[in-house]
Amino acid sequence: MAALAAIVYIGFRESPEARLQRLQARYSAVAAELGARCPIAAPEDQAAFDRCRRALFGKSALRDSLPEVLLWGRARGQPIKDTPLTQFAPDVYAGLYAPLFMFEGRATVVFDETEQLYKATLPVRFRNRLAPGQFPYPFWHDATKWGAYQSATALLFYISPGSGRIKVAQFLPGTVDAPLAAQVAADVAAFDGRWLWTDAAGRTQPQVTLFDGLYSAGNPHLAAIETAYRALALELREGQCNDCHIPKNPNKMKHLVLLQTPAHAAGEVRRILRSVRRGEMPQDDDGKEKALPAALKARLLNKAEAFDAVLTEARQWEAAQKQSVSDPN
């Protein structure tokens with residue numbers, strides 16, 4: 001019976017050629033949808049960016065291909081295991097990062113022998129001329145990073161053979177000559193050390209991290225999200241979480257977790273709660289767990305729970321609106 005089961009299993013096992021063909025078809029469809037929803041446009045075209053963000057934050061082939069935790073970063077010509085990457089929840093990547101690119105609408109899938117993963121390459125261009133508040137944080141805090149983003153030529157999706165989902169996503173920097181570099185240089189203010197700031201009109205920036213344009217403008221919970229985040233941010237600062245979980249990555253974490261804006265913290269809030277309850281956060285300079293004072297730990301958990309609760313209410317409101325539109329009776 002065991003031998004028969006083994007024969008049956010072998011008979012239905014997918015060949016490498018068939019798997020490659022299947023993944024090529026899947027990611028060609030992902031790329032085609034991206035090309036339709038986020039086509040090549042002028043890099044300063046705000047309306048095109050907004051359409052792309054709304055499309056990718058909702059139901060999409062890309063969103064369906066993302067795992068619970070995605071690793072994202074710049075391709076540096078070294079193995080993934082040696083590359084610093086940032087950890088994102090799928091909503092954060094689909095709503096804040098992927099829309100910064102414009103897609104040609106095609107993909108090529110190969111098997112990467114080094115990584116032992118399938119790799120889809122999607123040609124792209126970067127929206128480098130958007131207003132500063134349209135980027136999830138000031139990429140220009142690091143000239144090398146900003147140059148890499150601006151010169152990006154492709155997104156690389158490393159795909160798990162079993163699930164077919166994206167395990168790691170990277171952007172591939174290109175090279176630009178001096179005249180082209182001058183042409184694509186964006187008008188951005190010098191980085192002043194603030195990841196959140198207030199503009200001349202008194203609005204919190206980056207506005208994309210306040211879920212602007214992703215949740216409905218009439219969502220009654222948007223203001224409460226910002227208020228709850230600010231309360232949580234105070235406790236994160238007291239707990240020294242913001243010493244590490246910021247884009248500069250001062251502790252050189254291999255898989256960085258960002259908490260410096262409402263959208264970034266929203267993607268990680270439940271992991272914050274788990275880590276604090278287990279005593280895994282914060283860590284000292286040697287990477288070892290450091291105990292929080294009991295009162296601070298209680299306040300941090302309370303504010304994180306409140307932030308998670310208002311996020312849940314906002315999502316439920318959005319779902320109810322969509323349901324009423326699809327089922328008016």
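In this predicted model, Asn128 sits in the loop that runs between β5 (117-126) and α6. Asn128 has a relative accessible area of 4%. This residue is therefore buried, since the cut-off for that class is under 20%. The side chain of Asn128 also has a partner. A polar contact of 2.8 Å links it to the side chain of Gln150.

Empty space was examined next. Rolling a probe the size of a water molecule over the atoms shows where such space is left. The largest pocket holds about 420 Å³. Its lining comprises 23 residues. Nearest the pocket centre lie Arg74, Arg76, Pro84, Lys145 and Pro247. Three named elements, β1 (70-74), β2 (85-88) and α6 (143-150), each give two or more residues to this lining. By class, the pocket lining has 12 nonpolar, 7 charged and 4 polar residues.

The structure contains 1 cavity of 30 Å³ or more. The volume of the largest cavity is about 80 Å³. Phe57, Asp91, Val92, Leu96, Phe211, Leu214, Tyr215, Ala263, Ala266, Gly267 and Arg315 line the largest cavity. Two or more of these lining residues come from α5 (90-97), and two or more from α9 (262-277). The cavity lining divides into 8 nonpolar, 2 charged and 1 polar residues. Gly267 is among the lining residues, and glycine counts as polar in this scheme.

Methods. Residues are numbered from 1 along each chain as its sequence is written. This is a predicted model: local features need pLDDT of at least 70, side-chain atom pairs count only at pLDDT 80 or more; totals for chains, interfaces and linings use all residues. Side-chain values use heavy atoms; hydrogens and water are left out. On a 1 Å grid over the protein atoms alone, a cavity is a set of points where a 1.4 Å probe fits but cannot get out, and a pocket is an open set with protein on both sides within 12 Å along at least five of seven lines; lining residues have an atom within 4 Å of a point. Grid points are joined across faces, edges and corners, and a volume is the space filled by probe spheres set on the points. Helices (H or I, at least four residues) and strands (E, at least two) are DSSP runs, numbered from the N terminus. Buried means under 20% relative accessible area, exposed over 50%, partly exposed in between (1.4 Å probe, protein chains only). A polar contact is a pair of N or O atoms within 3.5 Å; within protein, one must be able to donate a hydrogen and the other to accept it, and residues adjacent in sequence count only if both atoms are side-chain atoms.
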